[in-house]
Amino acid sequence: MTTKVLLSICLLVLFCRIPLAAQNSPADFPEGKEGLVKLAKYLATSDMDDREKMSLLLWPDPTDYTLVFEDEIISRMKKYHAHVRRNYRILVQPMIRTQLEVRVWEADRDQIIQHEGDAAFFAGGYVELAPMIKPGMVLYRLKYAEPDRYLGSTYDLFVYLHGQWIFFPRPYQVLQKGH
């Protein structure tokens with residue numbers, strides 16, 4: 001490459017905000033706590049357009065529900081999430097700029113039922129919902145928080161399916177009246 005070509009590429013990266021290593025999909029982040037932390041940090045530092053695109057890509061496909069939930073709750077869950085998606089703009093992001101710390105908790109269905117491991121960090125509604133989650137399914141919850149603060153912006157439920165992260169916003173709320 002010539003110096004002129006290299007200079008042109010550098011100018012594009014600097015002034016057009018073209019990332020050298022773009023993260024374009026939830027599949028670009030590995031499975032496990034560390035992978036979800038990387039996704040959360042990417043969302044916290046990306047521009048609003050990228051954050052919005054990625055947040056939309058995290059939503060489940062209709063077939064994802066059958067991989068995570070038991071048959072008895074699937075139709076209600078799909079209806080609830082369709083309502084949420086139609087009426088709310090959910091972006092996975094810190095709500096306050098000073099929420100620089102990312103915390104992630106992980107528990108499978110049985111740990112939530114038995115109150116073991118990180119289950120204590122999941123919302124109380126998960127105890128009732130857990131029997132309606134497929135056995136062996138690993139669930140993740142993330143929080144953006146200010147350093148040394150307990151409260152923050154919390155997002156759940158994340159799962160890793162077919163090689164990518166999927167976000168089911170607050171699925172336990174489907175068990176409340178009116179959903």
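Is Val138 buried, partly exposed or exposed? Val138 turns out to be partly exposed, because its relative accessible area is 32%, and buried would mean under 20%, exposed over 50%, with partly exposed in between (1.4 Å probe, protein chains only).

First, a word on what you're looking at. This is a predicted model, where local features need pLDDT of at least 70 and side-chain atom pairs count only at pLDDT 80 or more, while totals for chains, interfaces and linings use all residues. Residues are numbered from 1 along each chain as its sequence is written, and side-chain values use heavy atoms, leaving out hydrogens and water. The pLDDT is the predictor's confidence in each residue, from 0 to 100. The chain averages 85, and 85% of the residues score at least 70. Watch out for residues 3-22, though: pLDDT stays under 50 there. Where pLDDT is low, the predicted coordinates should not be read in detail.

Now the overall layout. The chain has 7 helices and 4 strands, where helices (H or I, at least four residues) and strands (E, at least two) are DSSP runs, numbered from the N terminus.

The strands build an open sheet in the order 1-2-3-4, with antiparallel pairing; two strands pair if DSSP finds at least two bridges between them. Strand 1 and strand 4 (164-167) sit at the edges, each pairing on one side only. From one strand to the next, the twist averages 35°.

Leaving out residues up to four places away in sequence, Val138 touches Glu106, Ala107, Asp108, Phe158 and Val159; touching, or contact, means heavy atoms within 4.5 Å. Val138 and Glu106 are 32 residues apart in sequence, yet their C-alpha atoms are 6.8 Å apart in space.

Helix 2 has a helix partner too. Helix 2 and helix 3 (residues 48-57) pack at an angle of about 140°, with their axes 8 Å apart. Helix 2 is therefore oblique to helix 3, since angles under 35 degrees count as roughly parallel, over 145 as roughly antiparallel, 65 to 115 as roughly perpendicular and the rest as oblique. (Axes are lines fitted to C-alpha atoms, for helices over the stretch in contact, and angles run from 0 to 180 degrees between N-to-C directions.) Leu39 and Tyr42 of helix 2 are among the residues making the contact, as are Arg51 and Met54 of helix 3.

Finally, the inside. Of the chain's 179 residues, 42% count as buried. A nonpolar core is a set of buried Ala, Val, Leu, Ile, Met, Phe, Trp, Tyr and Cys residues joined through side-chain atoms within 4.5 Å. The largest one here has 30 residues, and Phe69, Ile112, Tyr126, Leu129, Leu139, Val159 and Phe168 touch the most other members. Helix 5 (71-87) is one of the elements giving two or more residues to this core, and its share of 5 residues is the largest. Apart from that core lies another, of 20 residues, including Phe29, Tyr160, Trp165 and Phe167.
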